Amino acid sequence: MLTKKQLDLLEFIHKRVQRDGVPPSFDEMKEALDLRSKSGIHRLITALEERGFIRRLAHRARAIEVVRLPESLGGPASGFTPRVIEGDRQDAPPPAGARAVETAQAIELPVMGRIAAGVPISAISEVSHSVAVPSQMVSTQGNHYALEVKGDSMIEAGINDGDVVVIRETSSADNGDIVVALVEDHEATLKRYKRHGDSIALEAANPAYETRVFPVGQVKVQGRLVGLIRTY
């Protein structure tokens, strides 16, 4: 039998994986259960794992598999049919009597601060926190990081104020790519990249903003957009 806190945590993880496809962070778990420290979450996670309700996947940050649910949360006795989120990892079968519910694999990326989707803001250089993203969003080539979007100049590209964009580090880009551009070595912005001869145009995706054109030497590509995370 699970304690109330263990049951509350299992339910929280289960609902978040079903909704987002990735498990919550330890900070989110701590806040949801109104605990003072993450050590309490670690104890609850360990207890759930020992009782065969969840499994932590090795070599993946924040990767938790819910392998079964108690009857009170829609487990087998209620006739509940689990939804399975497929992953690319081959794992051992779940404990005897357990039914696979879902597998979510995520990695944590540093959020380097805010990036302007409007007029450029100061260049980003410090990690503010981290965010979990589905592993499928990140390629095996190159480093990745995340930025919080500030402004509305890319709304017609589906990028809104407050979104978190996932960026793959690169110093080159093709025409039409949405990139993080460093302008004159001190301002960073998120724009669509277009090169014309010795000039680079940084185009907005909002008619309210003008395209800004710079000599090639004044613009450095810092990364290319590969994903987006939105919280409703």
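The following legends describe close-up views of a predicted model. Residues are numbered from 1 along each chain as its sequence is written, and side-chain values use heavy atoms, with hydrogens and water left out. Because the model is predicted, local features need pLDDT of at least 70 and side-chain atom pairs count only at pLDDT 80 or more, whereas totals for chains, interfaces and linings use all residues.

**Figure 1. Overview of the chain.** The secondary structure comprises three helices and 13 strands; helices (H or I, at least four residues) and strands (E, at least two) are DSSP runs, numbered from the N terminus. Of the 232 residues in the chain, 43% are buried, where buried means under 20% relative accessible area, exposed over 50%, and partly exposed in between (1.4 Å probe, protein chains only). Among contacts in the chain with a separation of 6 or more, 59% are between residues 24 or more positions apart; contact means heavy atoms within 4.5 Å.

**Figure 2. Packing of helix H1 against helix H3.** Two packed helices are described by the angle between their axes and the distance between the axes. Helix H1 spans residues 4-20, and helix H3 (residues 38-50) packs with H1 at an angle of about 85 degrees, the axes being 10 Å apart. H1 is therefore roughly perpendicular to H3. Axes are lines fitted to C-alpha atoms, for helices over the stretch in contact, and angles run from 0 to 180 degrees between N-to-C directions. Angles under 35 degrees count as roughly parallel, over 145 as roughly antiparallel, 65 to 115 as roughly perpendicular and the rest as oblique. H1 contributes Lys 5, Gln 6, Leu 9, Leu 10 and Ile 13 to the contact, and H3 contributes Ile 41, Leu 44, Ile 45, Ala 47 and Leu 48. These residues divide into eight nonpolar, one polar and one charged; Ala, Val, Leu, Ile, Met, Phe, Trp, Tyr, Cys and Pro count as nonpolar, Asp, Glu, Lys and Arg as charged, and the others, Gly among them, as polar.

Figure 3. A nonpolar core is a set of buried Ala, Val, Leu, Ile, Met, Phe, Trp, Tyr and Cys residues joined through side-chain atoms within 4.5 Å. The largest has 17 residues, of which Leu 9, Leu 10, Ile 13, Ile 41 and Ile 45 touch the most other members. Two or more residues each come from H1, helix H2 (26-32), H3 and strand E2 (64-66). When residues up to four places away in sequence are not counted, Ile 41 touches Leu 9, Phe 26, Met 29, Lys 30, Leu 33 and Leu 35. A second, separate core of 16 residues includes Leu 147, Val 149, Val 180 and Leu 190.

Figure 4. A salt bridge is a side-chain nitrogen of Lys or Arg within 4 Å of a carboxyl oxygen of Asp or Glu, and the whole structure holds five of them. Lys 4 and Asp 8 form one, with an N to O distance of 2.9 Å. These two residues are separated by about one helical turn, because they lie four residues apart in helix H1. Lys 4 is exposed at 63% relative accessible area, whereas Asp 8 is partly exposed at 26%. A further salt bridge joins Glu 28 to Arg 16, with the closest N and O atoms 3.3 Å apart. This pair links distant parts of the chain, Glu 28 in helix H2 and Arg 16 in helix H1, 12 residues apart. Glu 28 is partly exposed at 30%, while Arg 16 is buried at 15%.

**Figure 5. The loop between strands E9 and E10.** Asp 185 and Lys 220 meet through their side chains in a salt bridge of 3.0 Å, N to O. Asp 185 lies in the loop between strand E9 (178-183) and strand E10 (187-196) and Lys 220 in strand E13 (residues 219-229), so the pair ties together parts 35 residues apart in sequence. Asp 185 is exposed, with a relative accessible area of 52%, and Lys 220 is partly exposed at 42%. Glu 184 lies in the loop between E9 and E10 and has a positive phi of about 55 degrees although it is not a glycine. Glu 184 is partly exposed, at 40% relative accessibility.

**Figure 6. Asp 34 in the loop between H2 and H3.** Most residues other than glycine have a negative phi. Asp 34, found in the loop between H2 and H3, is not a glycine but has a positive phi of about 55 degrees. Asp 34 counts as exposed, at 69% relative accessibility.
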